[in-house]
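Subject: Structure for your review

Hello,

Please find the structure below. My notes come after it.

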Amino acid sequence: MTCLKKEIALPSRAGIGGLDFNAYDVMAPRKPGATPATAKNGARVKHNNVPPEGVYLPNNNRLAPHMRSPEYVQMSTAAAITLGVMPGKMHRCSCTRCLNLLLTYPEGCRANCAYCGLARHREADRDYADRNFIRVDWPAVPMDQAVEIVASQGEATPFHRMCISMITHPRSDEDTVTVLRKWTSRIDPATVPVSILSNPTTMTRADVQQLRDLGADIFTVALDAATPDIFDRTRGKGVASPHSWAKYWEILEDARDIFGREKFGAHIIVGMGETEHDTLTLVQRLVDMGGHSHMFCFFPEKGSLMDHLPATPRDQWRRVQLARYLIDYRGVRVEHMRFDEQGRVADFGIPKSEMDNVIDEGVAFRTSGCPGKVREDISACDRPYGDSPPSNIASYPFQPVTVDIRKIRHQLGMEKPGEAYVEGEELEM
Ligand code: SF4
């Protein structure tokens with residue numbers, strides 16, 4: 001298994017119509033189709049009832065076993081390689097620092113988010129355990145096996161953080177608690193702290209408090225959409241999905257109150273039709289609340305309701321990535337920045353020499369997420385190639401080196417004299 005796979009959706013050089021951003025009008029999801037009764041609610045898996053045996057590697061050509069959390073969890077390909085439960089290698093990364101766990105059920109996620117490979121409408125064509133999510137496969141592993149391996153590694157574990165990703169399912173709240181208890185009963189949260197990627201739709205404030213009381217360190221809410229309108233269009237009524245912007249904010253504010261400063265955050269996907277000003281206003285709002293934003297570059301996930309749409313042009317992505325870093329970690333405010341009539345960043349609000357230093361340091365362009373043990377602004381959750389192919393990296397899962405910075409500067413239109421980027425030079429490394 002490898003992160004280098006045949007790509008069907010390469011990132012566009014520009015948005016539709018030659019724009020250097022993904023405009024609202026073109027980023028409309030398809031409508032979900034009907035699902036046959038024989039495929040609804042994991043019917044195939046439950047009918048065949050194949051008992052699971054150890055690690056299950058996604059394979060749409062054979063019967064998916066009947067696996068459920070909390071006994072089973074899925075984990076990212078990168079996490080499974082790092083844990084040692086599947087073979088493989090990753091382009092320019094030796095491991096991931098975050099053990100991303102995903103609850104799993106034959107019925108799958110009952111939401112229908114338009115950009116997501118796990119969405120409910122996909123039950124028409126593949127079983128839940130065989131679906132791709134943020135570009136990669138998610139093997140299913142017995143939870144006890146994952147805990148045993150990490151516990152036996154002790155302080156030497158490669159993981160700096162573990163994250164439980166909830167999905168929209170009636171058992172999700174209860175099983176998240178069980179998975180967290182299984183973890184903390186064997187692994188000191190001071191050695192490997194735990195983040196919760198929540199599902200606000202089924203949660204109450206008491207659920208948030210319980211997870212904090214049981215030792216969770218950081219709580220995040222995947223807003224994903226930067227505006228209420230785009231939220232509704234991509235994960236609410238627009239696609240027959242149960243989520244609401246108001247409920248997500250209610251739980252985010254509960255997390256602020258319960259987990260406290262620097263211990264909560266929100267995911268935002270860039271390039272779903274919002275303006276750069278929309279995204280950065282939201283980033284500022286989160287910082288003003290005491291939290292952080294974790295950014296994802298929109299990628300047309302195969303099988304999703306948005307797989308016909310362009311990936312975010314790299315100009316837009318780099319501008320937002322850089323501006324978000326300045327707001328989150330360098331004390332710059334969105335009001336210090338200047339935006340053009342289409343909401344694009346026209347001025348980042350800091351002197352050129354300071355900007356050069358931030359760009360050349362490269363951290364701004366790494367994957368953003370909950371911190372590990374290196375620095376507060378370096379995410380343990382590096383999600384190798386979760387939002388782009390290795391051939392045109394959006395979020396760098398490693399420290400960018402000189403050749404990468406040349407490419408980033410080229411994408412930003414900020415090349416230094418005499419240091420022009422040569423197409424493809426970083427791939428020769
Ligand atoms: S709730 Fe999360 S896992 Fe479920 S469809 Fe939406 S984005 Fe995907």
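The notes cover the sheet, then one of its strands, then the helices.

This is a predicted model, in which local features need pLDDT of at least 70 and side-chain atom pairs count only at pLDDT 80 or more, while totals for chains, interfaces and linings use all residues. Residues are numbered from 1 along each chain as its sequence is written, and side-chain values use heavy atoms, with hydrogens and water left out.

Helices (H or I, at least four residues) and strands (E, at least two) are DSSP runs, numbered from the N terminus. Two strands pair if DSSP finds at least two bridges between them. There is an open sheet of 8 strands with mixed pairing, in the order β3-β1-β2-β4-β5-β6-β7-β8. Its edge strands, β3 and β8 (292-297), each pair on one side only.

Strand β1 (residues 72-75) runs antiparallel to β3 (residues 140-142), joined by 3 bridges, and also pairs with β2 (residues 98-103) in the antiparallel sense over 3 bridges. Val-73 stands opposite Val-141 in β3, and its bridge partner in β2 is Leu-103. Tyr-72 and Gln-74 point one way from β1, Val-73 and Met-75 the other, and all are buried (under 20% relative accessible area, 1.4 Å probe, protein chains only).

Helix α7 (residues 245-259) has buried residues including Trp-245, Trp-249 and Phe-259. Among the elements covering the buried residues of α7 are α5 (205-213), β6 (218-224) and α8 (276-289), where contact means heavy atoms within 4.5 Å. Gly-260 follows α7 and has a positive phi, near 85°.

Regards

Technical notes
Buried means under 20% relative accessible area, exposed over 50%, partly exposed in between (1.4 Å probe, protein chains only).
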